[in-house]
Amino acid sequence: MGSRTGIFVTLEGGEGSGKTTQRHRIVAHLRSLGREVLESREPGGTEAGELIRDILLHRIGSLTPRAELALYLASRAQLVEEVIRPGLTRGVDVVCDRFLDSSTAYQGGGRELGIELVERMNEWAVAGVMPDLTLVFDLSAETGLRRRENRGGGGDALDRIEREDLAFHERVRAAYRELAERHPDRVRLVSTDGGEEEVWARVRRALDERLAERGAGSR
């Protein structure tokens with residue numbers, strides 16, 4: 001990819017894991033250091049990606065696992081070339097709510113396509129753009145689904161992936177935990193035990209350590 005000063009951080013985890021709250025805190029922390037930050041999400045983040053997101057989560061009742069994966073990969077490839085790579089090249093930090101590890105966990109693990117297969121497909125889709133730090137917010141699938149349902153709207157407000165059964169979401173969690181073992185230099189498993197401040201302390205420690213390693217402090 002060439003030299004860059006921006007740091008690329010991705011947030012991962014099952015449903016109801018608290019990613020959104022911590023994403024806001026990460027962005028605020030980076031900006032407090034005088035850094036320019038770009039936020040994005042997957043699937044989505046581009047005009048094409050948002051259309052794909054609508055298809056994946058709301059418009060289609062059923063998709064084969066391979067078709068589902070292909071759509072996620074298409075959204076990801078567009079996001080990389082339209083948003084992430086240009087941002088990092090300009091020296092901007094990028095914080096993304098989900099990225100390639102979501103497909104590995106949800107389609108590789110949850111849909112049982114296989115972690116190795118999905119990782120190979122991801123390599124093609126991201127074309128060398130990899131996160132500097134991936135934070136996986138870990139909690140039991142049952143707890144996460146209960147939290148998601150309690151956010152309001154009940155079952156009718158859940159998207160197609162959220163409506164999958166508990167066994168599916170347990171496979172997703174197991175895949176995320178395996179990814180943390182496979183890629184310890186990049187993927188950090190963050191316990192969601194305790195309150196928001198305790199979780200943030202773990203997140204900030206991991207983030208500040210990576211910034212220090214990259215020599216990418218305040219500017």
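Helices here are DSSP runs of H or I with at least four residues, numbered from the N terminus. The model is a predicted one.

Start with the largest pocket. It holds about 600 Å³ of space. Its lining counts 29 residues. Glu 15, Lys 19, Arg 53, Arg 98 and Glu 162 lie nearest the centre of the pocket. Five helices each supply at least two lining residues: α1 (19-32), α2 (47-59), α3 (65-89), α4 (100-110) and α6 (141-150). Of these, α4 gives the most, with four residues. By residue class, the lining of the largest pocket splits into 13 charged, ten polar and six nonpolar.

Next, turn to strand β3, which spans residues 93-97 and contains Asp 93. Asp 93 has a relative accessible area of 0%. Buried means under 20%, so Asp 93 counts as buried. The side chain of Asp 93 makes a polar contact of 2.4 Å with the side chain of Arg 35.

Finally, look at helix α5, residues 115-126. This helix has twelve residues. From first C-alpha to last, α5 reaches 16 Å, close to the 16 Å expected at 1.5 Å a residue. Which residues of α5 are buried? They are Ile 115, Val 118, Glu 119, Asn 122, Ala 125 and Val 126. An α-helix has 3.6 residues a turn, so residues three or four places apart point the same way. On the other side of α5, the exposed residues are Arg 120, Glu 123 and Trp 124.

Technical notes: Residues are numbered from 1 along each chain as its sequence is written. This is a predicted model: local features need pLDDT of at least 70, side-chain atom pairs count only at pLDDT 80 or more; totals for chains, interfaces and linings use all residues. Side-chain values use heavy atoms; hydrogens and water are left out. On a 1 Å grid over the protein atoms alone, a cavity is a set of points where a 1.4 Å probe fits but cannot get out, and a pocket is an open set with protein on both sides within 12 Å along at least five of seven lines; lining residues have an atom within 4 Å of a point. Grid points are joined across faces, edges and corners, and a volume is the space filled by probe spheres set on the points. Ala, Val, Leu, Ile, Met, Phe, Trp, Tyr, Cys and Pro count as nonpolar, Asp, Glu, Lys and Arg as charged, and the others, Gly among them, as polar. Buried means under 20% relative accessible area, exposed over 50%, partly exposed in between (1.4 Å probe, protein chains only). A polar contact is a pair of N or O atoms within 3.5 Å; within protein, one must be able to donate a hydrogen and the other to accept it, and residues adjacent in sequence count only if both atoms are side-chain atoms. The expected span of a helix is 1.5 Å times one less than its number of residues.
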